[in-house]
Amino acid sequence: MGEKKRILSGMQPTGRLHLGNYAGALSNWIHLQHEYESFHCVVDWHSLTIAYDQTERINQDTVEMVSDWIAAGLDPANATIFVQSLVREHAELHLLLSMLIGLGRLERNPAFKERVKDLNLRGEVSYGHLGYPVLQAADILMYRAHAVPVGEDQSPHIELTRELARKFNTTYEPIFPEPETLLTPSARIPGPDGKKMSKSLGNYILMSDPPDRVEEVVMKAITDPKKIHMGDPGRPEICNVYAWHCAFNEEMEPTVARQCRQGVRGCVECKQEAAASISDRFAQFREERSRLEDARDYVMKTIREGTERARGVAETTMKRVRKAMSLFSLED
Ligand code: TRP
Ligand code: SF4
């Protein structure tokens, strides 16, 4: 156990997860939990960087999301599942790290620039929002993680985390490993409209959606617009349904692509097949998930125990940090 390298990753509490969350993060966490000592954090403070005035759903969304994690196979016996805001040391480390980085560096962060553009936030960016990656660095460094499993879009934040680790280590004492990025192998999952699947765009299929709702969304998906009749050859590489086959019907994927190109596959059947394979893939998950619905106590206990474990590590790290920085202590 002590020999394993440690990973940490976080997810904002968005409630029930969709297929994009699963393929882009959760499935990877589940694979890695045996190989690494795993910490997985519900980053509720991060969700305040934008939705600071919409806090009423955070608690329920946290329980729903953690229930999805567990039902999908993240095993509390292998992975530490906890809530960021319950480990106050994250705020302390965030404050200390915030002294080690310039405003210019944060403003140039490409993930930040993109977010400001996407959300049209010009001039309305909060102090906390600018510090988003500093808080993320605190999440990661707190557990002295060796690696961080994330999607490509998070690479700038992990790079910034490494810079902060180096800056701390050279200014004070070498406490923090410089964490590596463990890129999620899976491709981006589109919604039926071809945009990246997301809750805010409404173009999602939930992992817990029943088969009829999966089918309803899949049947509406945009395919190759030039393929109108069954006999027309299609271009799978621009088809959203094909992307779902690739992610959730791997065995059939080469056949789907070949038949589509040859014009011997109709889009209606192809969609039905995709819907069925998605529903099959998550059948066991749905069962586990509905069991957990009636076991809220178990989910709460998991979060409580995970948080205790996380606090233990966080306390140790912060003692070392305060000492390395020669902050006042009454103890020696
Ligand atoms: N920024 C990450 C995201 O949007 C969430 C996150 C917060 C995170 N803290 C983290 C991811 C620490 C990895 C490690 O997906
Ligand atoms: Fe897409 Fe399938 Fe139609 Fe080809 S046959 S365009 S892969 S839905």
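These legends walk you through several close-up views of a predicted model.

**Figure 1. The shell around ligand 1.** Welcome to the place where ligand 1 sits. Its surroundings are made up of Leu-8, Ser-9, Gly-10, Val-43, His-46, Tyr-132, Gln-136, Asp-139, Ile-140, Val-148, Val-150 and Gln-154. Sorted by class, this shell holds six nonpolar, five polar and one charged residues.

**Figure 2. Side chains that meet nitrogen atoms of ligand 1.** In Tyr-132, an N or O atom of the side chain is 2.7 Å from a nitrogen atom of ligand 1. For Gln-136, the distance from a side-chain N or O atom to a nitrogen atom of the ligand is 2.9 Å. Asp-139 places a polar side-chain atom 2.8 Å from a nitrogen atom of ligand 1. On its own, ligand 1 would expose 370 Å², and the protein buries 86% of that. Strand E1 (6-11), helix H8 (132-142) and strand E4 (147-150) are the elements that give two or more residues to the shell. Of the contributors, H8 gives the most, with four residues.

**Figure 3. The second largest pocket.** This view turns to a pocket with about 390 Å³ of space. Its lining counts 20 residues, and those nearest the centre are His-94, Ser-98, Tyr-127, Gly-128 and Gly-131. Two or more lining residues come from each of helix H2 (44-51), helix H4 (89-98), helix H5 (103-108), helix H7 (127-130) and H8. The lining of the second largest pocket divides into 13 nonpolar and seven polar residues, with no charged ones.

Figure 4. How many cavities of 30 Å³ or more does a search of the whole structure find? The search finds one. Rolling a probe the size of a water molecule over the atoms is a way to show where empty space is left. The largest cavity has a volume of about 100 Å³. Among its 14 lining residues, Lys-227, Cys-239, Cys-260, Cys-267 and Cys-270 lie nearest the centre. Helix H11 (240-248), helix H12 (253-262) and helix H13 (267-281) each supply at least two residues of the lining. H13 provides the largest share, three residues. By class, the lining of this cavity has eight nonpolar, two polar and four charged residues.

**Figure 5. Asn-169 and the backbone of Phe-176.** Find Asn-169 in helix H9, which covers residues 155-171. A polar atom of the Asn-169 side chain lies 2.7 Å from the backbone oxygen of Phe-176. Is Asn-169 buried or exposed? Asn-169 counts as buried because its relative accessible area is 15%, and buried means under 20%.

**Figure 6. Two residues with a positive phi.** Arg-144, which is not a glycine, has a positive phi of about 45°. Arg-144 belongs to the loop between H8 and E4. With a relative accessible area of 17%, Arg-144 is buried. Ser-326, also not a glycine, has a positive phi of about 55°. Look for Ser-326 in the segment after helix H15 (296-324). Ser-326 is exposed because its relative accessible area is 62%, and exposed means over 50%.

Terms used. Residues numbered from 1 in each chain as written. Chains lettered and ligands numbered in written order. Predicted model: local features only at pLDDT ≥ 70, side-chain atom pairs only at ≥ 80, totals over all residues. Heavy atoms only, no water. Near = heavy atom within 4 Å. Polar contact = N/O pair within 3.5 Å; in protein donor to acceptor, adjacent residues only side chain to side chain. Areas by Shrake-Rupley, 256 points an atom, 1.4 Å probe, with all protein chains shown as cover. Nonpolar A, V, L, I, M, F, W, Y, C, P; charged D, E, K, R; others polar. 1 Å grid on protein atoms, 1.4 Å probe; cavity = no way out; pocket = protein on both sides within 12 Å on 5 of 7 lines; lining within 4 Å. Points joined across faces, edges and corners; volume = space filled by probe spheres on them. Buried < 20%, exposed > 50% of the residue type's maximum accessible area, 1.4 Å probe, protein only.
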